[in-house]
Amino acid sequence: MMKQSQNPGTGPGNSLRSRKIESMRRMLNLNAPSARLTSAGLSSAAGGPADSEEPQWKVLIYDRSGQDMISPLLTVKDLRDLGVTLHLPLHSDREPLSDVAAVYFMNPSEENLQRLGRDLAAGLYESYHLNFISPISRSKLEDLAQAAIGGNAVGQISRVVDQYTDFICLEEDLFVLRHHSADSLSYKALNRPDSSDEAMEAMLNEIAGGLFSVCVTLGAVPVIRCPAGNAAEAVAAKLDKKLRDNLRDARNSLFTGSGDSAAQYSFQRPLLLLLDRSLDLATMLHHPWTYQALVHDVLGSRLNRVELPQSGPPSQQQQQQKRTTAYDLLAEEDNFWSAQRGAPFPEVADAVKRNLEKYKQEEEKVSRLKRSMGFDAELDDKTVTDTMSVLNSAMSDLPALLAMKRSLDMHTNVATCLAEKIKARQLDLLFELEEKLLAKQSLDRPLVDVLADPEAGSFEDKLRLLLVAVLSDCPQASGAELDELLSQLNRLASEPSAALSSESGGLVDCAGLLKAAAYLRKWRALSGGGSYYVGGGSGGSGASGSGSGWLGGLSKGGSFLMEGVRNLVLRKHNLPAARIADCLMENRAGQAEVEEYRYFDPKLHRVTDPSQIPRQKQPFQEAIVFVVGGGNYIEYQNLVDLRRTSKSSGVTGAGGGGGGSGGGGRRITYGSTQLVTGCQFLLQLAELGQLT
C-alpha cells in the first residue's frame with residue numbers, strides 16, 4: 001500500500017485548491033505523474049505527459065464524500081479529458097465492465113469496504129485502483145485482503161493508496177471538512193452536554209485528521225497557534241502529535257520534498273490558527289450583505305452551486321417535480337463572479353447593469369455587420385475587404401461574447417431572485433440594524449418596534465436580530481427588556497402560520513426556536529461579554545432611499561422590478577478571526593489579545609516544557625485560519641478584506657484579489673468544519689437549548 005505524498009512546487013499554482021486539483025488529476029491518471037496546474041489552466045509540465053496523448057479510459061467510482069470533494073474541482077469535461085468515461089456512486093446498481101479499469105475514491109468505512117468486497121467478488125472491472133480519502137487502518141486493510149482472496153481478485157487490485165485528501169476545497173482560499181453528514185462536526189455536536197468522551201474524542205480525531213490532510217496537500221508543516229481551554233486546543237494538540245509522528249519516521253514521511261519543494265518551505269512556514277466557534281457567535285447569526293454570502297444564506301448555495309425556481313407555467317411532467325434551474329458559481333470560469341462575489345449587493349446590481357449595456361453595444365456591432373453583409377445591394381471590392389476584416393474580428397470575439405451572455409443571464413436571474421427575497425424580508429433593514437448593534441451605535445428604531453413590524457422579516461429573521469442584540473450587549477436586549485422581547489416573539493410563535501422550513505424540507509415549530517435564546521442567555525452568563533466589530537456600521541448618506549437609481553437600470557420590459565432595496569454602504573469592520581489572524585501574522589510582541597495563545601511547533605521533536613519552545617520571530621507570509629464548529633462566508637470575506645486592506649496600506653507581503661494565491665504576497669486561507677447559514681446555526685442553538 002502506498003501513501004500519496006504531495007510535493008509542492010512554486011508559482012501561482014500553489015494555492016490549496018490548485019494542489020487539490022493536481023492530486024485529483026494524479027489519482028485519475030492512475031497515480032502516475034500528472035500534468036502541472038498553471039495559472040492559465042491545466043497544461044503538461046516539461047517532461048510530463050503531453051495533452052495530445054490518448055488517456056487510458058476508465059470508470060470512476062466514489063462514495064458521497066468523494067463526490068463532494070470532486071464536484072467543486074472538476075467538471076464533466078475535465079473528467080472526460082482525464083479518460084473517465086463513466087462516474088458512478090459506489091452504492092448504486094452498476095453493470096459489469098470487464099475490460100475497463102476502475103478508480104475507486106472513498107472513505108475506508110465498514111459499509112464502503114463491504115460494498116467493495118461485493119464488487120471484487122462479482123468481477124465488475126478489469127482492474128481496481130483503490131484510493132482512500134483518509135488512511136485505512138491495518139485491520140481494515142487485512143479485511144480487504146481477505147475479501148480480495150475470497151473473490152479471487154488479488155491479481156486485479158493494481159494499487160491501494162492513502163490519498164490524504166479529507167477536506168473539500170471550494171475556493172483558492174476556502175475549504176471545509178464536511179458537507180454531507182456535516183452535523184457530525186457541527187457546533188451542536190461539539191457542545192452537546194450529553195456527548196460521551198468517546199464521541200468527543202472521535203470528533204476531535206476526525207477534525208485533526210482533516211487538517212493533517214490539508215498540511216499534506218500543501219506540503220508544509222505549520223506553526224500552530226490556538227486559544228487555551230477549548231476544542232481548538234484539543235485539536236491543536238492532536239494535530240501536533242500526528243505531524244510529529246510523521247516527521248519522526250523519515251523513511252515514510254509525507255513531508256519529504258526535493259529540489260524546489262524543499263527550498264520553498266525551508267524558511268517560510270505557514271501559520272495555522274485554530275479558533276473555537278464560541279469566540280464569535282454573532283457573525284453566524286448576522287444577516288449578510290455581500291453577494292456570495294447572500295447567495296449562500298438566502299438562496300442556499302451548496303458546493304459552489306445554487307438552484308433557483310423556474311419561472312413560467314409548468315408542463316405536466318414538471319408539475320410532478322420541483323422545477324429548478326441550477327447554476328455553477330466558479331471563480332475560475334466566471335469573470336463576473338470572480339470580481340463581484342465579495343462586493344455589496346448594490347454594487348453587484350450596478351455591475352450587472354454596466355455589463356448589460358456593454359453586451360448590448362457588442363450585440364449592436366454584430367447587427368451592423370449583418371446588415372453590411374446584405375446581398376440586396378452591389379458591393380465594391382473595398383467594401384467587401386473591409387467587411388471581411390470586420391467579420392474575422394467578430395468571429396474571434398464571438399466565444400467571449402457568448403460566454404458574457406451566459407454569465408449575464410445567470411447573474412441577472414440570481415440578482416433578481418435575491419432582490420425579491422431582500423424586499424420580501426427587508427433584509428437590508430435587518431443588516432443595517434445588526435451592523436449598528438455590533439458597532440455599538442444607537443438604533444434608529446427601537447427593537448420592540450422592529451419585532452412588532454409584520455413586514456420586517458420572518459420569525460427566524462426577527463429572532464436572529466434579537467440574538468445579535470443579546471450577543472452585542474445591547475441595553476434594549478438585557479434583563480427585563482429581553483424578557484419582554486422574548487414574550488413578544490413567543491406570541492408570534494403561537495400564531496398558526498408561524499413555522500419555518502427546515503433543511504430536510506419539513507417544518508419546525510417556531511416556539512422551539514426560542515430555546516436558542518435560552519441557550520445564549522446561559523452561554524453569556526458563563527462566558528461574559530465581548531466586542532465583535534472594531535469599526536463597522538453602514539454608511540450615512542448611502543444608507544437611505546430606495547434602490548430605484550441603481551436597480552431600476554436592470555428593468556427589462558417590466559420583468560425585473562428591483563426597486564425598493566436600500567443602498568447600504570459597507571465600512572471597515574474587523575471580526576475577531578481577522579483581528580487575531582492579523583496580530584499573529586505580524587508577530588509583534590505585546591499583543592494582549594493573543595498573549596496567552598498556545599504555541600505548537602511540530603518540527604521541534606524534544607520539547608519538555610511547552611512554555612520554553614523557541615518561537616519564530618519573523619512575520620508570517622501565509623496563514624490558515626480554521627474555525628472549529630462551523631463558519632460562513634461573512635467571516636471568509638472579512639479575511640479576504642484583511643488581505644486587501646493590508647496591501648493598500650502598504651503592509652509588506654500583502655496580496656490582493658479575491659483568491660488566496662497572490663503571487664509573492666500574503667496568503668490567508670480560511671477553513672471550518674462546515675459552512676452553515678444563519679438559519680441552520682439558529683436551529684443548532686435551539687437544539688442545544690432543548691438539551692441544556
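Contact is taken here to mean heavy atoms within 4.5 Å, and helices (H or I, at least four residues) and strands (E, at least two) are DSSP runs numbered from the N terminus. The structure is a predicted model, in which local features need pLDDT of at least 70 and side-chain atom pairs count only at pLDDT 80 or more, whereas totals for chains, interfaces and linings use all residues. Residues are numbered from 1 along each chain as its sequence is written, and side-chain values use heavy atoms, with hydrogens and water left out.

The chain contains 25 helices and 19 strands. Among contacts between residues at least 6 apart in sequence, 76% join residues at least 24 apart.

Helix α18 (residues 459-471) packs against helix α25 (residues 678-691) at an angle of about 70 degrees, with the axes 11 Å apart; axes are lines fitted to C-alpha atoms, for helices over the stretch in contact, and angles run from 0 to 180 degrees between N-to-C directions. That angle makes α18 roughly perpendicular to α25, given that angles under 35 degrees count as roughly parallel, over 145 as roughly antiparallel, 65 to 115 as roughly perpendicular and the rest as oblique. In this contact, Glu-460, Leu-463, Arg-464 and Leu-467 of α18 meet Gly-678, Cys-679 and Leu-682 of α25. By class, the contact of α18 with α25 comprises 4 nonpolar, 1 polar and 2 charged residues, with Ala, Val, Leu, Ile, Met, Phe, Trp, Tyr, Cys and Pro counted as nonpolar, Asp, Glu, Lys and Arg as charged, and the others, Gly among them, as polar.

Helix α18 also packs against helix α19 (residues 479-493), the two axes coming within 11 Å and crossing at roughly 170 degrees. That crossing angle makes α18 roughly antiparallel to α19. The crossing of α18 past α19 is left-handed, a term applied if the near helix is turned anticlockwise from the far one by less than a right angle, with right-handed used if clockwise. On the α18 side, Phe-459, Lys-462, Leu-463, Leu-466 and Val-470 meet Leu-482, Leu-485, Leu-486, Leu-489, Leu-492 and Ala-493 of α19. The contact of α18 with α19 has 10 nonpolar, no polar and 1 charged residues. Leu-463 is listed in the contact with α19 and is also listed in the contact with α25.

Tyr-104 and Tyr-125 form an edge-to-face pair, at 6.3 Å centre to centre and with 70 degrees between the planes. This pair links distant parts of the chain, with Tyr-104 in strand β6 (residues 97-106) and Tyr-125 in strand β7 (residues 125-132), 21 residues apart. Tyr-104 is buried at a relative accessible area of 0%, and Tyr-125 likewise counts as buried at 1%. The pair formed by Tyr-633 and Tyr-636 is edge-to-face, because its ring centres lie 6.2 Å apart and its planes stand at 75 degrees. Tyr-633 and Tyr-636 are 3 residues apart in helix α24 (residues 633-648) and are therefore separated by about one helical turn. Tyr-633 is buried at 6% relative accessible area, as is Tyr-636 at 2%. One aromatic cluster is formed by Tyr-104, Tyr-125 and Tyr-128.

Positive phi values occur in several residues other than glycine, including Asn-152, where phi is near 55 degrees. Asn-152 is found in the loop between α5 (138-150) and β8 (157-162) and counts as exposed at 70% relative accessibility. Gln-426, with a positive phi of about 50 degrees, is found in the loop between α15 (381-425) and α16 (427-438), and counts as buried at 19% relative accessibility. Just after helix α23, Asn-587 takes a positive phi of about 60 degrees. Helix α23 (residues 576-586) is itself mostly covered, with 10 of its 11 residues buried, among them Pro-576, Arg-579, Cys-583 and Glu-586.

Terms used:
Rings of Phe, Tyr and Trp (its six-membered ring) pair if their centres lie within 6.5 Å; planes under 30 degrees apart count as stacked, over 60 as edge-to-face and the rest as tilted. Buried means under 20% relative accessible area, exposed over 50%, partly exposed in between (1.4 Å probe, protein chains only).
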